[in-house]
Amino acid sequence: MNIVIFGPPGAGKGTQAQIIVDERCVVQLSTGDMLRSAIAAGTELGMKAKQIMDAGQLVSDEIMVRMISERMAEDDCANGVILDGFPRTVAQAEALDAMLNERGVSLDKVIEIQVDEVALFARIEKRAAETGAARSDDTADVLTQRLKVYYANTAPVLPYYQEKGLLMSVDGMQAVEKVSEAIRQCLDS
Ligand code: AMP
């Protein structure tokens, strides 16, 4: 099963993706985590990406598509993947379709986690406090910018998947377990 988990920053994509991984034997591919690993490893890509991430902007489609394409070619992805943080633009969504087509597979579901903006700020503040501000982009200023980018560049991916009949939305304002249950129902439907 190939799934995209979709939503604004702070919606709980990573948390829910981990739960799905445990239940469905798929591999979680988080582009944000991959970029943070590149930063931690001090690679050239990581150094470039850090500036972009700290500014709340998007890393280029070309870099992100290459990163996901290389990762999806690895053996452990054969059973299915849950994409968390990708695609973030319509161009990435189109590239993902082409990538999956080439492998003779397709996307099964796109799950959107809906959370209102006030809650997103509260969650990011909480995450920053809990992790000791481990993520330098978890600040109110950067989140404001990340949300602008989400509405301008990423939200247009929703109608793209709606037209394909793949999009299902869940209420992300509920407790984590309730959100997981709603996602389970979507995946089983
Ligand atoms: P995340 O951990 O998913 O919130 O991602 C953190 C940051 O990494 C984003 O704000 C972007 O700067 C960058 N990023 C992650 N995934 C992508 C992507 N698919 N396209 C472009 N930039 C991305």
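Which polar side-chain atom lies 3.0 Å from a nitrogen atom of the ligand, if we start from Gln 92? It is a polar side-chain atom of Gln 92 itself that lies at 3.0 Å from a ligand nitrogen, and this pair counts as a polar contact, by which I mean a pair of N or O atoms within 3.5 Å, where within protein one atom must be able to donate a hydrogen and the other to accept it, and residues adjacent in sequence count only if both atoms are side-chain atoms. Of the ligand, taken alone, 480 Å² is exposed, and the protein buries 96% of that, with accessible areas coming from the Shrake-Rupley method with a 1.4 Å probe, where for residues only the protein chains shown count as cover.

Before I go on, please keep in mind that this is a predicted model, in which local features need pLDDT of at least 70 and side-chain atom pairs count only at pLDDT 80 or more, while totals for chains, interfaces and linings use all residues. Residues are numbered from 1 along each chain as its sequence is written, and side-chain values use heavy atoms, with hydrogens and water left out.

Let me turn to the shell around the ligand. It holds 16 residues, and the closest are Thr 31, Arg 36, Gln 57, Gly 85 and Arg 88; a residue is near a molecule or strand if one of its heavy atoms lies within 4 Å of it. By class, the shell has six nonpolar, five polar and five charged residues, where Ala, Val, Leu, Ile, Met, Phe, Trp, Tyr, Cys and Pro count as nonpolar, Asp, Glu, Lys and Arg as charged, and the others, Gly among them, as polar. Helix H2, residues 31-40, gives the most to this shell, with four residues; helices (H or I, at least four residues) and strands (E, at least two) are DSSP runs, numbered from the N terminus.

The space that the ligand takes is the largest pocket. On a 1 Å grid over the protein atoms alone, a pocket is an open set with protein on both sides within 12 Å along at least five of seven lines, whereas a cavity is a set of points where a 1.4 Å probe fits but cannot get out, and lining residues have an atom within 4 Å of a point. A molecule sits in a cavity or pocket if more than half of its atoms lie within 2 Å of its grid points.

Now to Thr 31, which lies in helix H2. An N or O atom in its side chain is 2.8 Å from a nitrogen atom of the ligand, and a polar atom of the Thr 31 side chain also lies 3.0 Å from the backbone oxygen of Gly 85. Thr 31 counts as buried because its relative accessible area is 2%, the cut-offs being under 20% for buried, over 50% for exposed, and partly exposed in between, with a 1.4 Å probe and protein chains only.

Arg 88 lies in the loop between E3 and H5, and a polar atom of its side chain is 3.0 Å from a ligand nitrogen. With a relative accessible area of 28%, Arg 88 is partly exposed, and its C-alpha is 9.0 Å from that of Pro 156, 68 residues apart in sequence. The loop between strand E3 (81-84) and helix H5 (90-102) is also the place of Pro 87, which a cis peptide bond, with omega of about 0°, joins to Phe 86.

Cys 25 lies in the loop between helix H1 (13-24) and strand E2 (27-30), and at 55% relative accessibility it counts as exposed.

Finally, some residues elsewhere. Val 149 lies in helix H7, residues 140-154, and counts as buried at 7% relative accessibility; the C-alpha atoms of Val 149 and Thr 89, 60 residues apart along the chain, are separated by 9.9 Å. In helix H9, residues 176-188, we find Ile 183, which is buried, with a relative accessible area of 1%. Val 176 has its place in helix H9, yet at 44% relative accessibility Val 176 counts as partly exposed.
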